[in-house]
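Keep the viewer open and follow along.

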2 protein chains.
Amino acid sequence: MTQHFSTRTAASQHREAQARPVDPVGPRRGLGVGELVLDGGFWGALQETNARATLRHCLDWMEQLGWLGNFDRVAEGATGGERPGWQFSDSEVYKLLEALAWEHGRTGDPAVEALLNKVVDRVAAAQDEDGYLNTCFGHAGQAGRYTDLSTGHELYCTGHLLQAAVARVRTLGHAVGRAAGEDRLVEVARRAADHVCREFGADGRGSDGRDGICGHPEIELGLAELGRALGEPRYTEQARLFVERRGHGTLAPIALLSPAYFQDDVPVRDADVWRGHAVRALYLAAGAVDVAVDTHDDDLRAAVERQWTRTVERRTYLTGGMGSRHQDEGFGDDWELPPDRAYCETCAGVASVMVSWRLLLATGEVRYADLIERTLYNVVATSPRADGRAFFYANPLQQREPGADVRPDAVNPRAEGGVRAPWFDVSCCPTNVARTLASWQTYAAFVEEAPGGSSGGGSSDGGVVVSLAQYAAGDLRLSVDARDPGQAGGELALRVTTEYPHDGRIRVEVTAVPERPVTLRLRVPHWADGATLTGPDGSTAAVGPGWADAGTAQATLVLGDVVTLDLPVAPRLTWPDPRVDAVRGTVAVERGPLVLALESADLPDGVLLDQVRLDPAVAPCAQGDGAVVRARAAALPGAGAGTPPFASESAADADDGGPALLDLPLVPYHRWAERGPSTMRVFIPTTPSEETR
Amino acid sequence: MTQHFSTRTAASQHREAQARPVDPVGPRRGLGVGELVLDGGFWGALQETNARATLRHCLDWMEQLGWLGNFDRVAEGATGGERPGWQFSDSEVYKLLEALAWEHGRTGDPAVEALLNKVVDRVAAAQDEDGYLNTCFGHAGQAGRYTDLSTGHELYCTGHLLQAAVARVRTLGHAVGRAAGEDRLVEVARRAADHVCREFGADGRGSDGRDGICGHPEIELGLAELGRALGEPRYTEQARLFVERRGHGTLAPIALLSPAYFQDDVPVRDADVWRGHAVRALYLAAGAVDVAVDTHDDDLRAAVERQWTRTVERRTYLTGGMGSRHQDEGFGDDWELPPDRAYCETCAGVASVMVSWRLLLATGEVRYADLIERTLYNVVATSPRADGRAFFYANPLQQREPGADVRPDAVNPRAEGGVRAPWFDVSCCPTNVARTLASWQTYAAFVEEAPGGSSGGGSSDGGVVVSLAQYAAGDLRLSVDARDPGQAGGELALRVTTEYPHDGRIRVEVTAVPERPVTLRLRVPHWADGATLTGPDGSTAAVGPGWADAGTAQATLVLGDVVTLDLPVAPRLTWPDPRVDAVRGTVAVERGPLVLALESADLPDGVLLDQVRLDPAVAPCAQGDGAVVRARAAALPGAGAGTPPFASESAADADDGGPALLDLPLVPYHRWAERGPSTMRVFIPTTPSEETR
């Protein structure tokens, strides 16, 4: 892939390589889109499929459905009548633009840039003179601008436009500041952001004196990041205003939904837990972290950390999935985690990664990287079909009825279980997957100044610490900033060799070192009891969960150093907290970062998924990327009695017959339903406890 | 109460006494509204509270919210602009009219009739010249008639109008037939029904040639029953057309919902199970039974019986509640019965009783009466607060967070758990409870010709069989039809004495006998293992579940006979079918027909509901109308680990400490949350099985 960079100057390569979605004020920075080149493996393969199939797939669907044509109709003054798509369909175009920008930044492929610019031209043509840009409101035959803040999604769409522009401005290597103006997408976004500030700002509130917020958060993080990218503090201030305005019952109620649906029930800094629509809650939290970090608002940041903690510990699935209810695509109460009606929207998984990544950069705490890994492998990677041309929208942990076959040419309902669909009526997930996979490598590591360095500019330079947060085979090549102007920083290069998560060994070789000292840390996931680290000196030591220093603390890497982390990825049983009522009496099986699942396709003839009872006394064995478990097929009650399915005798008594032992394969959850419609369980009922003794 | 009848002639008393909501062609008839006078007890008290408080409460709320005023605005030509209430608010007025009509039929109270007629006058004034009657469509500033069949609810509202008229025409004792015209409500309904037949009929389809159906079934059963009440076969034929048209994808889709939501996915006669919106599915099924019975369509009837069987055995809660999902207020998949997110809408309980009652009359099978009892005690009776002025809309079987206090003057969201609310935004349930309680006694028994009688009209008269289906203290006094014209039938009178369900003894004394022979049967519920029956001769025998003959088969009752049924109502443990995943590892406690519940209000200080583990080895004891169970307080996992609530060690291991034994009271589920907001469980986790040995 590196040949794609050949047509550019070294300087622009450098700037583009460092381009990344999130770049807060603060001690830590993530990887740039060009700083880690994946070499196949789990994520490399997904990224290639995304590049090869998904981007074009999304574009074709949006063309076919008229979502792109909506921009043309505004440009031509031909609005009115039926408008294809939901009121938020513009945002899908913007998320695809963001994905294309990252993909172009990653590979430099001019064909990707050409595609991007063709779409940008159509979008730009629809922008009004004053910067307003939306194909659903404000033109002939449409409702007026900002007349429906609760459900209109105008600012939401704008937020995604700004995120796309962030990707573009950074991968173009524009100089930071007002002078940037070479790119049409960036200029469109700047004008749109300026319009939002004029309309919704604190002083110059525009002719209507609007001080509203959008029913769907997103503008907050778009403004914050564009403010960072363009060095425009007005945008950050506007983001701050939107965050602070929320939670005071500002939004007009939506029928049958409570204000918690769009987090307008409690101010962000006062809330203790995420609630309501999961994607809304998480986009808002991400924007709140951005604002908190850039304005040094520790109280606000602590509020989001507090919400993260309770939500993860009580309202998050084993997969990292969030959202327990279909009704409002929302969080449930504490401990309300039904496997069958889990919503776990793919977009909520993407949004959860966005929040945790921001908190990881803000705090350096390993738990955020742990959750990112869990969510990436078991939600984000679950959505796309192997060919990258169909997707899960919801990600339940149990499928009771085999999904229906999906017609390849049909727009599907969003949350029907069991089969990945090429496109949805509400199709937020495919483009969200696309932009995440195109920039996956930016979440793999972060860099910070070593804490040991003295505050002065003298020779006691503690150097930098590089923390590997996610593991994938590839070449990491990052610029280490100079400590003082004029002093050289230099480049650190690491070659990571691993078959993770299939295998638990991660080998890191230092292939280039900068002038400044570098300390390397590797993440030991919380589930990795028994991990070991072999340092440059060849000595092996046990390492507990957390950040493991590669070698002695503060040891500086030298060229040729090799560090090997061995994570235990043997299949393991995972038991639910007893307060998670919906999976009482069951156990799940994990293997490294992968949640496993039992599919009906793997059952012997005559055995139903409902009959399977896993014997937890027999340790599961690894098989491929999954496992084999020991189970029995329980007898089920006979024909019904014409009464509800509850009886005066415990059905456990019916199991006495001692049915044959079964050895059943489990597959990684992220690959379930790849063999056609099936039923599936992550949590498997266990044999009665006396049988295990 | 009987003094209310004193102002009427004996003949009109006779006709009014036989008035009942459902009166199909066929061998069995239910009780008339005046044929059983309740004497206090469980249902007598609820009926009195309904009469004293609920009817007026509903009327006041609908007046205050402008739902009644909507009729005035149509009459005055003042429509347009904002219209209070949802598009189906007319139906609440009609359900209240039906309740008032039954209440008047039951008591003869002229004040009730005066109230009814005042409302009828306002409704009648809003009827258009051609019979169309709806306050949301078809007038100045409103959408046109029948322009939104999917969600407009016009025919649904009309259906409830017809049901109200059925109650009125029967309690007025009108002669059956076209000549009936003394009552304004009946004439309004007749004109509305004629309008529907003109607009939606098979030949004269009206100017628009409409052959549609309504998104919410109800018109079917309204037409069928009004056809019976007025002897108008055209109405039955129109009901048949609506039933047959359904299931062919006729209705315009509602965004994000599938055609199964309104049962437009599969024709009624082809479906195997109820699915989609529960109230819609059940009203449709009730109408389909009406049509099947009156047109002798055994195939259609068998289809509904088949749907009933699978739905009850796999998609019905222990309470009889139906509807597993909030999202669409709908049924879930087979075995999908989460206790916490159970919807179990009160209206679905009412509708389930309507279906089962029709099938009971059609078949005589005891299982239908069993489900009616289960649903009446645990869904219908659960909804109203003790004072009859607040209601549950949804009836979940687990409350995780205490409900918020409800403001007495506020319109509440419909399905927020934990506290009964005075009124709802969508307020279908209060009026549904009101009409059901006002006519409760009509479901208590049915009468049919004895099967043993020869077909001719000779002296070998097998007489009639009276089957007591539901038990309540009171005086039953029913007319036994003459077998041949000119021959006398006479009157059967039974005095039922019982404290049921508090006590299991039901004593039936014969206080009057007709000239024709009468056989008495009593229902032994399916849960009543160990029931005994003491016959007129004083001999006691064990009786199994089903219909128990009082005395020897075909024995004719004589004056002074006493029959005593003893049903075991000691608390009993009830275990879920192992396929009901959501309550694995738990047990429920029932007592007679009552499902019991554990409320946090009854826990000792320092014990959380999440900690309670019931010891199933210790039999529960009766206490009041509830029970006392032996339990332990399990230790719960400590502070969170910053990860989702799943761990590598089974939390059951944390229980080793052997905590103190607890004796905890359970209350009848129908009375939970009467002491303020609390958490609650019907299904209680059990102690690990080794502790029970």
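## A strand pair across the chains

A:Phe646 sits opposite B:Pro576, the latter being part of E14(B). Bear in mind that what you're looking at is a predicted model. The facing pair belongs to a piece of sheet that crosses from one chain to the other: strand E20 of chain A, residues 646-647, pairs with E14(B). The sense is antiparallel, and two bridges hold the pairing. As for what does the pairing in general, strands of a sheet are joined through backbone hydrogen bonds, either parallel or antiparallel.

## The rest of the interface

How many residues does each chain bring to the contact? Chain B puts in 67 residues and chain A puts in 67 residues. Together the two chains bury about 5500 Å², with 56% of that on carbon and sulfur atoms.

The rule picks out six salt bridges across the interface of chain B and chain A. B:Glu336 and A:Arg341 form a salt bridge, and their closest N and O atoms are 3.7 Å apart.

Which elements of chain B supply at least two residues each to the side that touches chain A? They are helix H11 (298-314), helix H13 (366-380), strand E14 (571-576) and strand E20 (646-647). Sorted by class, that side of chain B has 28 nonpolar, 14 polar and 25 charged residues.

## The five-stranded sheet of chain B

Moving inside chain B, you'll find an open sheet of five strands, ordered E1-E4-E5-E9-E12, with mixed pairing. Why is one side of E1 and of E12 left without a neighbour? Strand E1 (28-30) and strand E12 (546-549) of chain B stand at the edges with a single partner strand each, so one side of each has no neighbour in the sheet. On average, neighbouring strands here are turned by 25° against each other, ignoring direction.

H13(B) lies across E9 and E12 of chain B and runs at about 55° to E9(B). H13 of chain B has come up already, as one of the elements on the side that touches chain A.

## The seven-stranded sheet of chain A

Over in chain A there's an open sheet of seven strands with antiparallel pairing, in the order E2-E6-E7-E8-E13-E10-E11. Its edges are strand E2 (36-38) and strand E11 (540-542) of chain A; each has a single partner strand, so one side of each is left without a neighbour in the sheet. The twist from one strand to the next averages 20°.

Strand E6 of chain A, residues 474-479, runs antiparallel to E7(A), and six bridges join them. Here A:Asp475 stands opposite A:Arg495 in E7(A).

Tyr500 and Pro501 deserve a click in both chains. A cis peptide bond joins A:Tyr500 and A:Pro501, with omega about 5°, and a cis bond with omega about 5° also joins B:Tyr500 and B:Pro501. A:Pro501 falls in the loop between strand E7 (491-498) and strand E8 (505-512) of chain A. In chain B, B:Pro501 is found in the loop between strand E7 (491-498) and strand E8 (505-512).

Then there's A:His153, which isn't a glycine but has a positive phi of about 65°. A:His153 is placed in the loop between helix H5 (110-125) and helix H6 (154-172) of chain A.

## Around the helices of chain A

A search of the whole structure turns up 122 salt bridges over all chains. One of them pairs A:Arg168 with A:Asp183, the closest N and O atoms being 2.9 Å apart. A:Arg168 belongs to helix H6 of chain A, whereas A:Asp183 is in the loop between H6 and helix H7 (184-200), 15 residues apart.

Finally, look at A:Leu115 in helix H5 of chain A. Leaving out residues up to four places away in sequence, A:Leu115 touches A:Arg56, A:Leu59 and A:Leu100. A:Arg341, the salt-bridge partner of B:Glu336, is 226 residues from A:Leu115 in sequence and 39 Å away in space, C-alpha to C-alpha.

Terms used: Residues are numbered from 1 along each chain as its sequence is written. Chains are lettered from A and ligands numbered from 1 in the order in which they are written. This is a predicted model: local features need pLDDT of at least 70, side-chain atom pairs count only at pLDDT 80 or more; totals for chains, interfaces and linings use all residues. Side-chain values use heavy atoms; hydrogens and water are left out. Contact means heavy atoms within 4.5 Å. Buried area is the accessible area (1.4 Å probe) that two parts lose on being put together, summed over both. A salt bridge is a side-chain nitrogen of Lys or Arg within 4 Å of a carboxyl oxygen of Asp or Glu. Helices (H or I, at least four residues) and strands (E, at least two) are DSSP runs, numbered from the N terminus. Ala, Val, Leu, Ile, Met, Phe, Trp, Tyr, Cys and Pro count as nonpolar, Asp, Glu, Lys and Arg as charged, and the others, Gly among them, as polar. Two strands pair if DSSP finds at least two bridges between them. Axes are lines fitted to C-alpha atoms, for helices over the stretch in contact, and angles run from 0 to 180 degrees between N-to-C directions.
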